[in-house]
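Please read the following account alongside the coordinates.

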Amino acid sequence: MSDWNEIQRLAADFQRVQLTASAHKLSERNCIEIINKLIGMNKLDVIYTIDGKEYLTPQQLEREIKDELFVHRGRINLVDLQQATNVDLTHIDAKVKEMLRNDRSLYLIQGDLIDRDYIDRLAEEINDILQESGQISVSELGKTFNLPTDFLQTNIEKRIGVYIHGQINPLERGTIYTEAYVARHTANIRGVFSAITRPTLVSSIIYQYNFPETLLHDILRKLLEENRLAGSLQGHQSKAIYTPNIYSRTQSNWVLAFFRQNDYIEYDSLTRLEITDPKNYLRKCLNNKSIIFLETCASGQNILGQVQAAIEDVVTTSSWVDIMTLLPSPFSVGDASMLLQKFCLKNNKLNASVQCLCDQFIVSNKFLQNCLQLFDSHMKKKAKKDASIVAAKFASINTSNPNRSISTEQEDSSNSSGKKKKGNDSTTSKRKGKGKDRSNADDFESSKSNSKQNKQDLEFMSIPEIKDVIQQEHLDCGDQFAEEIASRLFSSLRKSYQEIAKSVFLSSTSSVTSEKRKIHSDAQDKINGLLTNAKLFGNGLQYFSGDAQLALQKHLLHTICTEITNIVFSLLISEYIMVDSDPNTLNSDTRSSALEKFPNQIKKPAAALEKALNGKDIDQFFDALDVVLGPSICQIMIKKSDRKKERQIVFNHRQNLMEQLNQESNSAMCLHLSTVLLFQKHTQCMIHAPGRCVPHIISFLKQHLTDEHYNAIYEYQQLIVKAMQQQSDADTADQTSEIESQLQEKMAIIKTIALESKKQSQQI
């Protein structure tokens, strides 16, 4: 009781103090100074307003923010808070962040402070919109309420079933449906798809009935899983195709009926029925039946049995059969090939007795042997008819590894020519040398093509010819089958014909060998004769030097040496290119072409000979010629030097020159023969010189002739030169005739000088 009395007394004292007027009051300035002092001493924490007239404590600012949030129904922008509280935005921002850390019911979204009550009221509003429209999109709600889609999506999912009466599509989380909306569309979708009787694109149904695509696919999947729709779905999303079971049953019944009736079915037929995978469909549709899957069709066992029976009949009767005639018309050649290779001939005991041609023909080996026998008489007739060329072609086949003795015989027969000529005069040699260089190059070019044929395998008949013979004997053979048989028999027939041709060649070898030896012997004699003349003519070159000697060497190379080279190349061409070659038709171009065809061991020495022939050194030519004529290449035996025989050749050459000089009426040729004859008289050496070298010979003879004889010859030379210069000038015709008369008058003197000197030499 005493305690209560004490409390009443204290309350009375407090009331009295409150009612008592203050004797001393603080001014506003004093209050401000006191507050600033407390702030400076960190005894007081306040926040200034924007105008600086008021102070707020942080707790007061938080209370005012909550009050403003409540007044604005749970959502207010921070800028609006600044205006309402008259506090700087930085203090508001800091305080809001502190409130967010301490209160999980508050959210700061895009500068707006939002509490949970606002979200709950928003959910109720969304539910009203959803119930009115049946579906709603979260993205559209975000635009309507100016909130992020993710924020809305998260909070809506939390309130589904509480504030929002609907469901979210699992395939499209941004859409919300009501149960009534889903049920209505489920009924529509079930009705539409129940009425479909053939495969239909789901996308066309969506377009026609304006169904929500994602919702339709979800509902359709559930209806099929629950067996509320009799059908199946193939593909995904926009490419999905719905096939009703009634169509599948009709399709399956047609496939089964067609296959039972025909024992095959085309893949194209199934494709036309809109079956995308025919092979897998047939495996499922025909269950465990033995199906043979080919390229374009699926076949049954009956067709396979017919083909196997036909193959057995081919073996028994030694005949052939076209499988395509046994197969239904839709079967392709690829189908026939696969049927034969993978099913009929694989692991078949009869496989060794038959062959498959063109992927569709089955032919027995006995039939092929009978076809080969058809050509026995043809091969014998052809071998006898072509006996003259068979030997040459057979020789070309064996050139890859020839026997040395046979090679020697071939070398002996490489060329045919007359016996060597002794003592050829310089004029005749010069004319012949020029004739060699003007030989016909076209003849050799045509012979090159023949050479290519000779190096190929010896052929009996071409494939078209073989085909004709087969069709004449077997009238029922079509072009394709006969051509394939001809291709198969071609190699065997060629090989057999080569054996027969070989026997023909061996029977004629003895006569051919003797002829080749005679040709080789004649070429050897001619080369020895020409080579002796060339060396004797070369002895006269030592009396000249400089340009004169060079010109004489070139002339000798271009005439006699060229003739020798042509004979050598003719032998080599006959031996290694297997072409008959006339030395008189060869020139520099044809020799170069032949070089490309020679074997490597022959090409190098032959090329060295050709190079020396086109050079300037006669000794270099003789060295290259010795290599080519040696035992490893041409096997030409060069006779040793015989002094007595050489003197006889020199004597015969001199006699020929004298005979030609006596019969010569041309002034220029008369001077040419006279100077050559005088050179041989004073040096005892033959010389082979062109007309342009006559002045050099006359200069050399000056030291061996009397002044009278030399002057006569020199003047005669000048007259010839003058006559040749005036022949092209029509105005000097009188002078030309006068010079010609002088030349004719002095010709006898020139002949006398050459011939009498000879007689004097003989008398001495």
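Two strands are said to pair if DSSP finds at least two bridges between them. Helices (H or I, at least four residues) and strands (E, at least two) are themselves DSSP runs, numbered from the N terminus. The structure is a predicted model, in which local features need pLDDT of at least 70 and side-chain atom pairs count only at pLDDT 80 or more, while totals for chains, interfaces and linings use all residues. Residues are numbered from 1 along each chain as its sequence is written, and side-chain values use heavy atoms, with hydrogens and water left out.

The protein chain has 34 helices and 17 strands. Of its 764 residues, 43% count as buried, where buried means under 20% relative accessible area, exposed over 50%, and partly exposed in between (1.4 Å probe, protein chains only). A contact means heavy atoms within 4.5 Å. Among the contacts in the protein chain with a separation of 6 or more, 65% are accounted for by residues 24 or more positions apart.

Strand β3 (residues 75-77) runs antiparallel to β5 and is joined to it by three bridges; here R75 stands opposite I114. Strand β4 (residues 106-109) also runs antiparallel to β5, with four bridges between them, and Y107 stands opposite I114. A hairpin is formed by β4 and β5 with two residues between them, and Q110 in the turn has a positive phi of about 50°.

Strand β11 (residues 241-244) is joined to β10 by four bridges, and Y242 in β11 is the bridge partner of L233. Axes are lines fitted to C-alpha atoms, for helices over the stretch in contact, and angles run from 0 to 180 degrees between N-to-C directions.

Another open sheet of three strands has the order β12-β14-β13, again with antiparallel pairing. Strands β12 (264-266) and β13 (292-293) stand at its edges with a single partner strand each, so one side of each has no neighbour in the sheet. Two bridges join β13 to strand β14 (residues 297-299), and I292 stands opposite S299 in β14.

The account now turns to helix packing. Helix α28 (residues 600-613) and helix α29 (residues 618-628) pack at an angle of about 155°, with their axes 9 Å apart. The contact involves P605, A606, A608, L609, A612 and L613 of α28, and Q620, F621, A624, L625, V627 and V628 of α29. The two helices are therefore roughly antiparallel to each other, since angles under 35 degrees count as roughly parallel, over 145 as roughly antiparallel, 65 to 115 as roughly perpendicular and the rest as oblique.

How far apart are the end C-alpha atoms of helix α30 (residues 643-663)? They are 31 Å apart, which agrees with the 30 Å that its 21 residues should span at 1.5 Å a residue; the expected span is 1.5 Å times one less than the number of residues. The buried residues of α30 are E646, I649, V650, H653, R654, L657, M658 and L661.
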